[in-house]
Amino acid sequence: MPRYRIIVEYDGGPFVGWQRQDTGQSVQAALEDAILAFTAERVHVQGAGRTDAGVHARGQVAHFDLAAGKPVEEVRGALNFHLRPHPIVVPAVEIAAPDFHARFSAIWRRYRYRILNRRAPAALDRGQVWHVPVPLDDRAMAEAASVLVGRHDFNSFRSVACQSKTSIKTLDLLSVDRRGEEIDIEVGARSFLHNQVRILVGTLQLVGRGQWTRRDVEEALAACDRTRAGPTAPPVGLCLMEVRYGAAATDGLAADHQTDAEEAVDDQ
């Protein structure tokens, strides 16, 4: 029974999230229905990150098994044919090792959050960016972001509904870069807590507005209390960009990643 590894791109706007739910269309269900349509097999598609409603993906990774093996080009073509009613595309399919697991074999994930920082709302990028009409100081945001990089207790930066057994995580990357009217926030780690990325962004935009300082961010982190951090940014600006697998995620990653929670909550 071959195991297939796929890359999935999707616009999260129409979906209740990655995970199949009793009400509403999910990305996982759409993929499983597409596989059923061309193989007559009901399979379980496991994703690397369980993105929330409205969150997008360019580099989601998933796997599934088929009892009747098919060539990867045929699988890719059939998937994209049957997915055509949905804003979902599978650009790549390959045969994976039998023990490959899209979620638990992952060693690094990178998200990008896009903020459109201008008075006028988005037209072409509507549904893909968070529109913040007041001026944001991206340099102050970048300076405050440096406080959060490294291994910390991120209890202040996770949803009260988070089911992770520990709030200690290692954040490898948290950068803030302005490109004209857009501010991009890149976040990378082995795994994340529920809503962690969106709460980080919501907190940093308070700094950008001048309502918070770097010291406020330090105090919020030390408090280990969700009520002490900033708001949860809307899902619309968030996109799962890539998931990495292998012996090392990035050059020089700390060994303490091996002690991070293996559950890889990743509900963003």
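My entries follow, and I kept in mind that this is a predicted model.

**Helix α5.** I started with α5, which covers residues 214-223, and asked which of its residues are buried. I got Val 217, Ala 220 and Leu 221. Looking down the axis of α5, I found these buried residues within an arc of 100 degrees, so they line one face of the helix. On the other side of α5 I noted Arg 215 and Ala 222, both exposed. Next I checked what the buried residues of α5 pack against: α3 (138-145), β7 (150-153) and α4 (196-209).

**Cys 224.** Just after α5 I ran into Cys 224. Its phi is near 55 degrees, a positive value in a residue other than glycine. I placed Cys 224 in the loop between α5 and β10 (238-244).

**Asn 195.** Here I also found a positive phi in a residue other than glycine, near 70 degrees. Asn 195 sits in the loop between β9 (182-189) and α4. I read 11% relative accessibility for Asn 195, which is under the 20% cut-off, so Asn 195 counts as buried.

**Arg 76.** I found Arg 76 in helix α2, residues 72-82. Its relative accessible area is 28%, so I logged Arg 76 as partly exposed. Which residues does Arg 76 touch, leaving out those up to four places away in sequence? I listed Val 90, Pro 91, Ala 92 and Val 93.

Technical notes:
Residues are numbered from 1 along each chain as its sequence is written. This is a predicted model: local features need pLDDT of at least 70, side-chain atom pairs count only at pLDDT 80 or more; totals for chains, interfaces and linings use all residues. Side-chain values use heavy atoms; hydrogens and water are left out. Buried means under 20% relative accessible area, exposed over 50%, partly exposed in between (1.4 Å probe, protein chains only). Helices (H or I, at least four residues) and strands (E, at least two) are DSSP runs, numbered from the N terminus. The arc is that of the directions from the helix axis to the C-beta atoms. Contact means heavy atoms within 4.5 Å.
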